[in-house]
Amino acid sequence: RPTLKIQDGCDARCAFCIIPEVRGASRSLVPEKVIEQVRQLVRDGYKEIVLSGINLGTYGKDLERRITFLGMLERILAETSIARLRISSIEPMDVSPELIRLVASEPRMARHFHVPLQSGCDRILRQMNRRYWAAHYAERIHTIREQIPNCGIGADVMVGFPGETTEDHQASLRFVDSLPFTYLHVFPYSSRPGTAAAARNGHLNGRIIHERGQEMRALIATKRQAFLESQVGRTLSALTLDEVQDGARVALSSNYVKLVLPGCDVPANTFVEGRVGRIHEGLVYAYSESR
């Protein structure tokens, strides 16, 4: 599952992030190069490609002609034979109705969205200089779930941002609990010299940040378990990985679930249909048929 970076840099100025200073302004790999590299990866035998960037939704805005990330996805699907295309991460304001419809209707697109949140509290989002309100974010996540019912939906969440109160943290917990996330990446705030947040007052004690991280992880663990249990009895399209668990081949499903496949003797980089049989200690066991 090679990662193809088609965009670098960022024009946003999130208060906690040093990337714009380190990586510079947003810039895009020209479409012809993207198509060429995807075709080469297909010739090399790869069946899934993960498109990545620092801020994928800004893809094409620095190029002379009118190019968008959605348009680039459509070109890849039209001009290459890649079997599965996955979006690594995309900001909430770039999760357009058109993008959701494409993922919902195109079988070669992975049923998976990773949409950074950072906080579910509007006051903290403003302090972070994020460009959306919690309600706007929720609207996009609910639209994904409505149109792609079994989609894998993940987010990045930061705890302990300078000035975050107990009430702010509780608001973020309630917000996360209200949405159909299937996993989270939870990060403690870490000061980056040169950022706006680093110069602010109100930096929190490390113990408090740690405790808030534990609370957020406990919440998502419950939601994750419920999602995994909902997969029992389903047949998921998955790509086998160069990974084994207790001697069994492991595969990654379109909706971002790792399947343990007892008795599966197919090599890595093979598509299988895995029927989920049981969940045990956080592992998803399935029975496969290669295709």
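The lining of the largest pocket draws at least two residues from each of α1 (19-23), β3 (48-53), β6 (152-159) and β7 (183-188); helices (H or I, at least four residues) and strands (E, at least two) are DSSP runs, numbered from the N terminus. The model is predicted, with local features needing pLDDT of at least 70 and side-chain atom pairs pLDDT 80 or more, while totals for chains, interfaces and linings use all residues. Residues are numbered from 1 along each chain as its sequence is written, and side-chain values use heavy atoms, without hydrogens and water.

In total, 32 residues line this pocket, and Phe-16, Cys-17, Ile-19, Gln-118 and Asp-156 lie nearest its centre. A pocket here is an open set of points on a 1 Å grid over the protein atoms alone where a 1.4 Å probe fits, with protein on both sides within 12 Å along at least five of seven lines; lining residues have an atom within 4 Å of a point. The lining comprises 17 nonpolar, 8 polar and 7 charged residues.

Turning to the helices, α3 (residues 69-79) packs against α4 (residues 97-105) at an angle of about 25°, with the axes 10 Å apart. Axes are lines fitted to C-alpha atoms over the stretch in contact, and angles run from 0 to 180 degrees between N-to-C directions. The pair is therefore roughly parallel (angles under 35 degrees). Leu-70, Leu-73, Glu-74 and Leu-77 of α3 contact Glu-98, Leu-99 and Leu-102 of α4 (heavy atoms within 4.5 Å).

On α4, Ile-100, Arg-101 and Ala-104 meet Arg-140, Thr-143, Ile-144 and Gln-147 of α6.

Note on methods: Ala, Val, Leu, Ile, Met, Phe, Trp, Tyr, Cys and Pro count as nonpolar, Asp, Glu, Lys and Arg as charged, and the others, Gly among them, as polar. Angles under 35 degrees count as roughly parallel, over 145 as roughly antiparallel, 65 to 115 as roughly perpendicular and the rest as oblique.
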